Amino acid sequence: MKGILLVNLGSPQSPTAKDVKPYLDEFLMDERVIDMPYLLRAFVVKGIILNTRPKKSAAAYQKIWWEEGSPLIVLSQRLQSKVQSLTDLPISLAMRYGEPSIKTGLEELKNKGVTDVLMIPLYPQFAMATTETINVLAEQLRIKHFSNMKITSLPAFYNKPEYIDALAQSIKNHLKGFEYDHIVFSYHGVPERHIKKSDITKQHCKIDQSCCNTLSKAYEFCYRHQCLETTKQVVATLQIPEEKYTNSFQSRLGLDKWLQPPTDITINNLAENGTKKIAVITPAFVADCLETLEEIGMEAADEFLKHGGTEFKTIPCLNDDDQWAAALATWIKEWQNKA
Ligand SMILES: C=CC1=C(C)c2cc3[nH]c(cc4nc(cc5[nH]c(cc1n2)c(C)c5CCC(=O)O)C(CCC(=O)O)=C4C)c(C)c3C=C
Ligand SMILES: [Fe+2]
Ligand SMILES: [Fe+2]
């Protein structure tokens, strides 16, 4: 029997430093998120980051937390219900970090008689810190606990027409009546080193002006290419002229060189250079979360106004949008109909 496992990142149990700490511990000790050798990673994460960050992160989570819980989890559950209403296959929801875990999700499916799973990492663009770590953990769990199961992971859908159309339509709907001067496409950042590590050709990615536009097998696992391509296809669909949009990368952590340009600097520069009204879309996230609601919707918005901007619009993620749920249902059906 076939079944579906939707997987998102996960959130702490509650917006308190006590619960944020174990969540960040699991998240940042992942070798595909902070890709240092184990002892150095343990020193940096447990010895430095976990001493200060949980309190700061908990304060940020408190600003966006809902009565029902973490927005990321609640919105992922709403998406799950909507997609469930469009397919007869059982759908479970899991998180890479925290609860419900991938193991719990697979157990739930197993208890329903599922032996053939389509796992859908809820990230439009591939990154080793997101899609790859989900795939690796799922395979480890399969070998250890679910050896009779077959798990197929849906590849990144950054350029799939159903996703691009859902995103473009959602942006269009949210921008109705808002005469923006500029749109910022803000993607979650990653260290540049991650891009080079994921380059299957071992020589294509230069992280310069041209590499992500030069056809290569490296595209399949290049987060930067995939982000730029999502924007390219959305602006083509919506006919947004080149001078009216910018790509940027948010949420930098640590001292490494991350993808450029940073969202905060991009937005402040726009304001300082006289741009008054901007809209920000965050297409690396399919569900609103700390990074969209607080970092963009609160922090970046405040900074934009302080630097001379007058109107700042945060475009919500796809969340449980009908067209987005229908896109997932279409991909599920395509997989279901395969032999
Ligand atoms: C080295 C650190 C990090 C990398 C690399 C990274 C990549 C990455 N993350 C997301 C999606 C999300 N990240 C979220 C929160 C978050 N991310 C990091 C660090 C890295 N992320 C931290 C420390 C945190 C926790 C919050 C904080 O302390 O700032 C979230 C939100 C979770 C929530 O509960 O709302 C998401 C979603 C992507 C897509 C990505 C690489 C492409
Ligand atoms: Fe992150
Ligand atoms: Fe590239």
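Guide: Let's begin with residue classes: Ala, Val, Leu, Ile, Met, Phe, Trp, Tyr, Cys and Pro count as nonpolar, Asp, Glu, Lys and Arg as charged, and the others, Gly among them, as polar. By that scheme the shell around ligand 1 has 15 nonpolar, six polar and two charged residues. This is a predicted model, where local features need pLDDT of at least 70, side-chain atom pairs count only at pLDDT 80 or more, and totals for chains, interfaces and linings use all residues. Residues are numbered from 1 along each chain as its sequence is written, while chains are lettered from A and ligands numbered from 1 in the order in which they are written.

Visitor: Which residues come nearest to ligand 1?
Guide: Ser11, Ser57, Ala127, Cys289 and Leu290, out of 23 residues around the ligand. A residue is near a molecule if its C-beta atom, placed from the backbone, lies within 6 Å of it. Helices α2, α5 and α10 each supply at least two residues of that shell; helices here are DSSP runs of H or I with at least four residues, strands are E runs of at least two, and both are numbered from the N terminus.

Visitor: What makes histidine 188 buried?
Guide: A residue is buried if 20 or more other C-beta atoms lie within 10 Å of its own, exposed if 12 or fewer, and partly exposed in between, with C-beta atoms placed from the backbone. Histidine 188 has 27 such neighbours, so it counts as buried. Glutamate 291 has 22 and is therefore buried too.

Visitor: And why is lysine 63 called partly exposed?
Guide: Because its count is 13, which falls in the in-between range. Lysine 63 lies in helix α2, and beyond its neighbours within four places in sequence it is in contact with Glu294 and Met298. In contact means C-beta atoms, placed from the backbone, within 7 Å.

Visitor: Where does UniProt place the "binding site"?
Guide: The unreviewed entry puts that feature at His188 and Glu291. They are spread over 104 residues of sequence, yet cluster in space, with a largest C-alpha distance of 8.2 Å. UniProt positions use the numbering used here, feature names are shortened, and annotations may be inferred rather than shown by experiment. Histidine 188 sits in strand β5 (residues 182–188), and glutamate 291 in helix α10 (residues 290–306). Leaving aside neighbours within four places in sequence, glutamate 291 is in contact with His188, Gln250, Ser251 and Phe285.

Visitor: How is the protein chain divided?
Guide: Into domain 1 (2–157 + 322–337) and domain 2 (161–314), with bounds from an automatic or database domain assignment. Their C-alpha centres lie 23 Å apart, and 25 residues of domain 1 are in contact with 24 residues of domain 2. On the side of domain 1 that touches domain 2, α3 provides the largest share, five residues. That side divides into 18 nonpolar, five polar and two charged residues.

Methods: Contact = placed C-beta atoms within 7 Å.
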